[in-house]
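Student: Can you walk me through this model? I'd like to start with the sheet and then jump around.

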Amino acid sequence: MAFFFFFFLFLLTLSSSSSLNDINSLTYIVHVDHEAKPSIFPTHRHWYTSSLTSTPSSIIHTYDTVFHGFSARLTAQEATHLLNHPHVISVIPEQVRHLHTTRSPEFLGLRSTDKAGLLEESDFGSDLVIGVIDTGVWPERPSFDDRGLGPVPTKWKGQCVPSQDFPATACNRKLIGARFFCGGYEATNGKMNETTEFRSPRDSDGHGTHTASISAGRYVFPASILGYARGVASGMAPKARLAAYKVCWNSGCYDSDILAAFDTAVADGVDVISLSVGGVVVPYYLDAIAIGAFGAIDRGIFVSASAGNGGPGALTVTNVAPWMTTVGAGTIDRDFPANVKLGNGKTIPGVSVYGGPDLEPGQMYPLVYGGSLLGGDGYSSSLCIEGSLDPSLVKGKIVLCDRGINSRATKGEIVRKNGGLGMIIANGVFDGEGLVADCHVLPATSVGASGGDEIRRYISESSRSSKQPTATIVFKGTRLGIRPAPVVASFSARGPNPESPEILKPDVIAPGLNILAAWPDRIGPSGVPSDNRRTEFNILSGTSMACPHVSGLAALLKAAHPDWSPAAIRSALMTTAYTVDNQDEPMVDESTRNTSSVMDYGSGHVHPTKAMDPGLVYDITSYDYINFLCNSNYTGANIVTITRRKADCDGARRAGHVGNLNYPSFSVVFQQYGESKMSTHFIRTVTNVGDSDAVYEVKIRPPRGMNVTVEPEKLSFRRVGQKLSFVVRVKTMEVKLSPGATSVETGYIVWSDGKRNVTSPLVVTLQQPL
């Protein structure tokens with residue numbers, strides 16, 4: 001009881017001082033010992049709010065399910081003071097996250113006409129609930145129609161939060177829940193401008209509507225965007241129920257709101273959480289997404305998160321906690337060619353989903369490069385940034401703009417505003433040859449880095465010979481059967497895992513380039529404010545689009561196998577993934593067209609049909625993750641912050657090392673400190689989910705130059721559900737590396753019963769210390 005009065009007096013002091021120091025305040029998430037609540041308060045919420053009676057608005061959110069505590073605006077001094085109190089476990093500074101912004105079901109092998117398969121076995125995901133934490137939803141779209149669906153599942157405890165523009169009737173038997181969380185956003189930015197965004201679950205951006213329909217949209221025909229990608233649109237789990245949790249606003253997605261959404265979604269009763277949002281990688285005990293996700297998987301809820309769009313550079317992957325399934329992006333076998341024809345007769349390949357009116361067929365137009373125009377600073381005009389272009393030099397011409405800084409669609413709006421007739425966007429060296437099709441407001445296309453160089457050379461050579469460079473853009477519509485596919489998307493974030501290099505991330509890739517899905521009314525498909533076009537569907541790209549593919553697939557797998565844990569579902573997706581394209585060649589990297597690697601795609605591209613029957617799974621419990629955190633040298637307080645449990649780290653460290661988490665992939669990092677020989681071992685346990693009386697034999701493809709053994713070499717199962725363990729030993733020799741350099745070699749371990757191959761990548765990294 002003494003702590004209550006101490007804590008109460010401190011919070012009263014905090015609330016009064018906060019009003020004086022509001023300018024210097026930041027949002028912090030405060031983890032409080034759940035057991036310390038005085039009995040005079042019926043709930044923890046009463047405890048926190050009653051303690052701040054002088055300024056109740058000081059508390060932004062309280063958390064009761066995946067986390068215990070509250071969020072509030074504090075000065076750095078107040079946060080430090082609060083951390084010193086005995087029943088405050090941690091004080092976490094808020095991070096601002098950002099969005100990681102159809103034919104894909106057919107490409108994945110999911111066909112509604114199949115009499116057997118994942119869709120049929122799972123009843124299309126019926127009665128499973130997918131919670132989408134994003135920008136909200138536009139409920140009137142046909143992708144969210146509830147025709148033919150049964151009653152709302154009886155387990156569901158969520159609700160449709162009504163508001164002026166979002167009546168309770170906006171929800172139905174398909175969209176069964178819709179909430180919004182803006183406390184963290186408004187605590188930092190002040191009251192929202194309700195003329196530009198909705199104080200409700202309604203989507204004013206488009207991203208959330210798009211991702212929700214990818215995961216669980218109904219079958220809609222005809223579906224297209226401005227004549228492109230005509231056909232049937234559907235999500236991965238067409239009968240699954242949806243719940244929208246809006247946390248992203250005009251200036252970003254705030255940790256305090258994201259954690260509140262996790263807290264509420266778990267209490268509501270979702271089965272899957274889909275999160276296409278990310279930020280800077282920090283230790284898990286400072287990561288609100290990792291903390292919320294742990295609370296979800298601890299309740300048996302699968303969490304899928306986007307890997308980020310920081311590719312093709314290494315160490316760019318985000319959302320890397322091992323209890324989340326981290327999803328990168330690949331292409332599908334559909335494209336939207338829009339080629340540049342130059343005055344010298346050369347054709348440069350490009351892509352676009354511009355819907356017209358087209359340029360005059362056969363006519364060539366004057367061509368200029370923004371970076372070589374007089375009157376600008378060169379750099380800004382090369383990027384076609386607002387205010388950088390001279391209308392007298394742009395009017396009536398096609399303008400070449402470099403990719404970067406502002407959005408691709410915004411560049412087109414700036415060119416159009418300055419009188420340009422068309423636009424070509426050229427990738428930089430970092431983007432390579434990876435192309436994204438955009439719905440531009442004027443005739444425009446995107447070309448790769450080599451194509452951009454070719455166009456600049458042509459402009460330069462023409463100028464030197466006093467000839468007017470010319471060009472046109474030829475739009476070729478939708479092309480199917482593209483080879484090779486899949487290809488790792490250029491933007492897809494890559495490993496290694498910056499926080500836990502022993503855990504290979506991303507886990508898998510899924511379709512994420514040029515994906516058709518539902519789109520709100522009142523928002524033009526280009527996303528620029530002046531775009532008055534309206535369409536029911538739009539094409540977007542990003543790991544944001546890949547993530548809900550896996551969320552929907554997880555719902556199908558959970559419906560087909562109700563007893564599978566989140567780790568078992570991820571294991572099935574990982575061990576059945578493939579690494580070859582539709583030409584039976586190793587997948588390539590879109591940015592370079594070279595062969596891609598496990599750092600790009602993890603275990604590979606998801607294969608839903610095989611995932612339904614993986615044979616064996618690598619299961620993981622919450623206590624296994626706690627042992628992993630112990631072996632990662634997290635403190636007891638760090639671990640409690642993440643897991644809400646105290647840990648016996650002495651026992652965990654005696655039992656193994658960080659690489660012994662029962663993960664479906666293997667990764668080890670050797671630091672070369674002058675030892676000529678290095679070795680390690682992995683202990684794994686697999687659960688039989690295939691046939692009884694099954695015998696699996698191991699096939700080893702060791703990393704180049706390394707010795708790998710597996711004991712035993714044969715696993716004999718007598719029944720379904722039986723668990724058997726094996727040990728993998730890896731030995732390697734020191735290699736010559738310059739200081740700070742690394743060498744990465746990859747192999748595979750495959751368990752096979754003759755009809756199923758349970759495949760795990762084995763990655764060995766050698767590092768030379770500085």
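Tutor: Here is a quick tour of a sheet, some helices and a few single residues. This is a predicted model, where local features need pLDDT of at least 70, side-chain atom pairs count only at pLDDT 80 or more, and totals for chains, interfaces and linings use all residues. Residues are numbered from 1 along each chain as its sequence is written, and side-chain values use heavy atoms, with hydrogens and water left out.

Student: In what order do the seven strands of the open sheet run?

Tutor: The order is β7-β10-β6-β13-β15-β16-β27, with parallel pairing. Strands here are DSSP runs of E, at least two residues, and helices are runs of H or I, at least four residues, numbered from the N terminus. Two strands pair if DSSP finds at least two bridges between them.

Student: Which are the edge strands?

Tutor: β7 (175–180) and β27 (508–511), each of which pairs on one side only. From one strand to the next, the twist averages 25 degrees.

Student: How many bridges join β6 to β10?

Tutor: Six, between residues 129–134 of β6 and residues 241–246 of β10. Ile-133 stands opposite Tyr-245 in β10.

Student: Which helix packs on the sheet?

Tutor: Helix α15 (residues 566–575) does, touching β15 (302–306), β16 (325–330) and β27. Its direction makes about 50 degrees with that of β15. Angles run from 0 to 180 degrees between N-to-C directions, and axes are lines fitted to C-alpha atoms, for helices over the stretch in contact.

Student: New topic. At what angle do α18 and α19 pack?

Tutor: About 150 degrees, with their axes 10 Å apart. That makes α18 roughly antiparallel to α19. Under 35 degrees counts as roughly parallel, over 145 as roughly antiparallel, 65 to 115 as roughly perpendicular, and the rest as oblique.

Student: Which residues meet there?

Tutor: Ile-626, Leu-629 and Cys-630 in α18 meet Ile-639, Ile-642 and Thr-643 in α19. Contact means heavy atoms within 4.5 Å.

Student: On to α12. Which of its residues are buried?

Tutor: In α12 (residues 408–417), they are Ala-409, Lys-411, Gly-412, Glu-413, Ile-414 and Val-415. Their cover includes α11 (391–394), β22 (398–402) and β23 (422–426). Gly-419, which follows α12, has a positive phi near 95 degrees.

Student: How many residues of β23 are buried?

Tutor: Five of the five, so β23 is largely enclosed by the rest of the structure. Gly-422, Ile-424 and Ala-426 lie on one side, and Met-423 and Ile-425 on the other.

Student: And how do β22 and β23 pair?

Tutor: In the parallel sense, over five bridges. Leu-400 stands opposite Ile-424 in β23.

Student: Last one: what does Val-698 contact?

Tutor: Leaving aside neighbours within four places in sequence, Val-698 contacts Val-710, Glu-713, Ile-749, Val-750 and Trp-751. Val-698 sits in strand β33 (residues 695–701) and is buried at 16% relative accessible area. Val-710 is twelve residues away from Val-698 in sequence and 7.6 Å away in space, C-alpha to C-alpha.

Definitions and conventions
Buried means under 20% relative accessible area, exposed over 50%, partly exposed in between (1.4 Å probe, protein chains only).
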